[in-house]
Protein chains: 2
Amino acid sequence: MDAEIIAIGSELLTPFRQDTNSLYLTGHLNQLGVEVAFKTVVGDTRAHLVQVAKTALSRTDMIILIGGLGPTEDDLTREAVAAALGLELRRDPELVAALYARFAALRRQMPENNERQCDVIAGAAVLPNEQGTAPGQWIEGNYAGRKKIILLLPGPPWELRLMFEKQVLERLRAALPPAFIATRIIKVAMVPESTCDARIAPIYKKYADVQTTILADAGEIQLHLRSRTDSLAAAQQRVDALADELEDELGDTVFSTGGESLEQIVAYYLEMRGATIAVAESCTGGMIAERLTSISGSSRYFLGGAVVYSNELKTAMADVPELLIAQHGAVSKQVAAALAEGIRRRSNSTIGVGVTGVAGPTGGTEEKPVGLVFHAVADGVQTEVVERKFIGDRERVRRWAMRQALDLVRRKLM
Amino acid sequence: MDAEIIAIGSELLTPFRQDTNSLYLTGHLNQLGVEVAFKTVVGDTRAHLVQVAKTALSRTDMIILIGGLGPTEDDLTREAVAAALGLELRRDPELVAALYARFAALRRQMPENNERQCDVIAGAAVLPNEQGTAPGQWIEGNYAGRKKIILLLPGPPWELRLMFEKQVLERLRAALPPAFIATRIIKVAMVPESTCDARIAPIYKKYADVQTTILADAGEIQLHLRSRTDSLAAAQQRVDALADELEDELGDTVFSTGGESLEQIVAYYLEMRGATIAVAESCTGGMIAERLTSISGSSRYFLGGAVVYSNELKTAMADVPELLIAQHGAVSKQVAAALAEGIRRRSNSTIGVGVTGVAGPTGGTEEKPVGLVFHAVADGVQTEVVERKFIGDRERVRRWAMRQALDLVRRKLM
């Protein structure tokens, strides 16, 4: 079945805001065997809304309208859908009573226009909203000679999600033919997108029945695999077979097959080995520490870090010898290694990480251009240093360098 | 004039990818007096594309189609728009020759299907693509009895932006009646969204002719003002009058009226005063250092930072007395102050910042609950500490705390 998702709200037509509910819904719909064929954004204008609802009715069998269910005059979704379907809108006295009771319980007077939220399209099932006042609506019926499902859901993401999971998912499962869909995610570190695609395209092209989506960020590529066949076992078998081939090709650049982030994998290895870590960062400016501490419970293995921008602090906080900086420059293999070794000794950690480079856009020289970064990992026995020349703006260079450093730690602990 | 933006590509109908080009285009269109009335996302399916193009032609006078201009069989935008308009598609021999020459210059053989990119809709002006191989197209004409502008632009954002700025903007200015639009952005630190709205709603509601958009993030609120009248002076006057009233109401919680980020404002004050800064972070885990160093040239004022998760490192890197931690706990007013003072002395900076708290979701106690954070700023004369209890998940608590610390520095330097 094909679906159209319609996000309603004039703010979604400004340069500042974007519909994100549709991404969440698409994930769930795909799992049910429903493909999203169209997405539309429309403002709080009655004529536009009716037009959009009619267009959707003419081209798909499932229509999900998000937003415009509140109490204000701008909230026109109920009216517009009723008009598009040629159905009546009736104020539900039970809903009205419940709404007044809800306000009374909060010792607040309900403005009368709130009653508009209790208008129900003839034949619709009401979907209670546990997080807000605007109920959703579920309409199932024959329109234009075909069976259609039409859903009205609230715009605030937390309201939409709870309502979808508690009220909608089961109804959809009951209304739709069973779908057999299997998915897998493979995450790859530090492979350029073009290189990755050149290596894996010959493989995934053999699997025409598995949908492969490639998402690339600085230093990380995600491969999303999805297969839909006439049995779950068959779908799983196809996805697993492709995943196995891809993993064989990509080898140890694959860091996760279960959806985990690179920092989660590093955290997992550190905990498994009872190891601790400390970092001394120059050009990444705290980004590595920030990622490692984004995980709850990271205090078990993350001891601390030094962000050492000035040469003086490289010496004062990570014991990098002044002479070494004078001889090789702050951006050098030697200083990266000294940062990793110094912060490790200072903090008494199992692993020390050091990063120094030129993030740009200023500060580059012919010998040390923008994008040049040295990454070091020390474990007390051996210190490895990796030199890379990244391409992109400051933010991108810093993200590549952060991922390179985390990947070095992963490989050290693997 | 109303516009519809149509983003084309099956990947934009997955849970993983989102059209962002439309936000960029909306900003420019609004400046030209064009309102975006509809946004549509459609996959690489010929019938769907034709249907979407026809619907757009029936409801708006400007239609911008993004993507689907490449050389593969999935790239159907040219064909679909020609079909919707009832116009012929003609292969342009000059474009074909130029494309072969381009491949020859790169010493590469051009696959024949690349010629598809040289198909031009009858009457369209070709928009050269300096960043890629797929040219855009500009169609102006009467359809359904109305003058319409139809634009075909490439999907990759860097190609789209350069083409829009170099090829499209001037044409649009010439084709549209002059528009008089003034805008302002006011940014506010550390005011909860509901408090801010309660204070400013009575003001902006008086200015029905100025569109006010409120965007809230952890610790930061942006107010976007926009006015359109029959002269630029009148539009500017209305926006400025509202901005003045809002600034009066919000006082020194306003940190920017020129679009700058909080870290840029802090950087500006530090440079203006010839001051330097160093930070000692616990729960923010490097986020403050990361933000301060996200700015190019930050090495002029940012000396360094310590991310001190363990108690030992609080002592070793920021000279927090062990006894102080034992007496008051690591999350305390006293330790925050000691972190700020310690890192300041250690790094010889003008300003020292210290942050300690419970980011959660674990680690909270009755006395020190999740979300409790102490922020300190020391300048050698005086140390200020601000205690806050933030609400939200780990990421949100950390962002609030980062902004609170930067705002304290701003106020200290103001």
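This is a predicted model: local features need pLDDT of at least 70, side-chain atom pairs count only at pLDDT 80 or more; totals for chains, interfaces and linings use all residues.
Residues are numbered from 1 along each chain as its sequence is written, chains are lettered from A and ligands numbered from 1 in the order in which they are written, and side-chain values use heavy atoms, with hydrogens and water left out.

Let me begin with confidence. For chain A the average pLDDT is 95, and 100% of the residues score at least 70, where pLDDT is the predictor's confidence in each residue, from 0 to 100. The model as a whole has an ipTM of 0.85 and a pTM of 0.87.

Next, the domains. Chain A splits into domain 1 (2-175), domain 2 (180-256) and domain 3 (262-413), with bounds that come from an automatic or database domain assignment.

Now to the helices, which, like strands, are DSSP runs numbered from the N terminus (helices H or I, at least four residues; strands E, at least two). Two packed helices are described by the angle between their axes and the distance between the axes. Those axes are lines fitted to C-alpha atoms, for helices over the stretch in contact, and the angles run from 0 to 180 degrees between N-to-C directions.

In chain B, the axes of helix 1 (residues 21-31) and helix 5 (residues 157-175) come within 11 Å and cross at roughly 20°. Helix 1 and helix 5 of chain B are therefore roughly parallel to each other, a label for angles under 35 degrees, while over 145 counts as roughly antiparallel, 65 to 115 as roughly perpendicular and the rest as oblique.

In chain A, helix 6 (residues 193-204) and helix 7 (residues 232-250) pack at an angle of about 145°, with axes 10 Å apart. Among the residues that make this contact are A:Ile200 of helix 6 and A:Leu246 of helix 7.

Finally, the backbone. The peptide bond from A:Gly360 to A:Pro361 is cis, with omega near 0°, and A:Pro361 sits in the loop between strand 15 (351-357) and strand 16 (372-378) of chain A. In chain B, a cis peptide bond joins B:Gly360 and B:Pro361.

Definitions and conventions. Contact means heavy atoms within 4.5 Å.
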